[in-house]
Amino acid sequence: MGWLGLLAAALGVLLPGLTGRRIGLQAGAALFLITAAAVALVRRRRFEHLSKTPVRAGRSDFLQDRAVTLRNWRRSHRWWLLAGFAAALASSLALPAAGGLTLAGAGAGLWLKAVRLGRRERSDDLLFWVRTDWIARGPAGRPVKGYRCTGVLAGDAAPGGARRR
């Protein structure tokens, strides 16, 4: 989302727009900051609540790598991403680069959310997982009743990732 937004902003700067490039870039910078903060703070309490009470992953839990989850999400939402890119590019006719920077702000907010969760995982020495049958509405959606965890503190591994004996 972030890269598509930056591409749309760069292409939008090429058009003079109705308001001019300077006003479009200033509005886009403000929208970038507002959108990044809003996306990073949405469902913050829900993520914190789920990460405070993780349950050790059982043998029957099917755990899926984040890269696989991300790839599946991108495939299912590719038309929405393309529509967002087209809307950001079309908004450059009025405010150059503002729509693209807003889209990039949403991507930056998601990145900040992932960084916060990664720091929590590092500080607690465990990995958070969501059961694949719960992930349909996202990693903090209503079907998610709690995170599963693996790692040193969960008792699955010794420090450094070695097998527990």
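The model is predicted, so local features need pLDDT of at least 70 and side-chain atom pairs count only at pLDDT 80 or more, while totals for chains, interfaces and linings use all residues. Residues are numbered from 1 along each chain as its sequence is written, and side-chain values use heavy atoms, leaving out hydrogens and water.

Helices (DSSP runs of H or I, at least four residues) and strands (E, at least two) are numbered from the N terminus. Axes are lines fitted to C-alpha atoms, for helices over the stretch in contact, and angles run from 0 to 180 degrees between N-to-C directions.

| Helix pair | Angle | Axis distance |
|---|---|---|
| Helix 1 (residues 2–13) and helix 6 (residues 98–124) | about 165° | 7 Å |
| Helix 2 (residues 21–41) and helix 6 | about 30° | 7 Å |

Helix 1 is therefore roughly antiparallel to helix 6 (an angle over 145 degrees). Helix 2 and helix 6, in turn, are roughly parallel (under 35 degrees).

Who touches whom? Contact means heavy atoms within 4.5 Å. On helix 1 the contact residues are G2, L4, G5, L6, A8 and A9, and on helix 6 they are G100, L101, L103, A104 and G107. Helix 2 meets helix 6 through residues including G24, L25 and G28, with L101, A104 and G105 among the partners in helix 6.

Now to the sheet, which is open, with three strands in the order 1-3-2 and mixed pairing. Strands pair if DSSP finds at least two bridges between them. Strand 1 (55–56) and strand 2 (126–129) are the edges, each pairing on one side only. Strand 2 pairs with strand 3 (residues 148–151) in the antiparallel sense over four bridges, and F128 has C149 of strand 3 as its bridge partner.

Conventions. Angles under 35 degrees count as roughly parallel, over 145 as roughly antiparallel, 65 to 115 as roughly perpendicular and the rest as oblique.
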